[in-house]
Amino acid sequence: MQIFEIIMLICFGMSWPISVYKSIRSKSTKGKSVVFIIAIIVGYISGIIGKIVNEQISYVLILYCINLIVVSVDLGLYFVNAKREKLT
């Protein structure tokens, strides 16, 4: 059943906007792991590919894409903040 996958994606997805907000507010990479963020991105990409390959195109795919976008923004902020930290 997709309901459990939906619940998982929503639960994981709720944490990423908070992480992005903290990255913007703190302007720091403290507490962040670029390897962890990349691993999450690879996981979401794998989930998206799995849905497409298995022809399970549904609204669940939208949740994967939304989460991937938000985590990618967090990765971008990591590099922006890392550059800012080097300059100071």
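Buried here means under 20% relative accessible area, with exposed over 50% and partly exposed in between, using a 1.4 Å probe on protein chains only. This is a predicted model, where local features need pLDDT of at least 70 and side-chain atom pairs count only at pLDDT 80 or more, while totals for chains, interfaces and linings use all residues. Residues are numbered from 1 along each chain as its sequence is written, and side-chain values use heavy atoms, with hydrogens and water left out.

I'll start with helix H1. Helices are DSSP runs of H or I, at least four residues, numbered from the N terminus. H1 has 25 residues and reaches 36 Å from first C-alpha to last, close to the expected 36 Å; that expectation is 1.5 Å times one less than the number of residues. Its buried residues are Glu-5, Ile-6, Leu-9, Gly-13, Trp-16, Ser-19, Val-20 and Ser-23. They pack against H2 and H3. Just after H1, Lys-27 has a positive phi of about 55 degrees.

Next, the core. A nonpolar core is a set of buried Ala, Val, Leu, Ile, Met, Phe, Trp, Tyr and Cys residues joined through side-chain atoms within 4.5 Å. The largest one holds 13 residues, and Ile-41, Tyr-44, Tyr-64 and Val-71 touch the most other members. H1 (2-26), H2 (34-53) and H3 (59-87) each supply at least two of its residues. H3 gives the largest share, 6 residues.

Which residues does Tyr-44 contact, leaving aside neighbours within four places in sequence? They are Leu-9, Phe-12, Trp-16, Tyr-64, Asn-67, Leu-68 and Val-71, with contact meaning heavy atoms within 4.5 Å.
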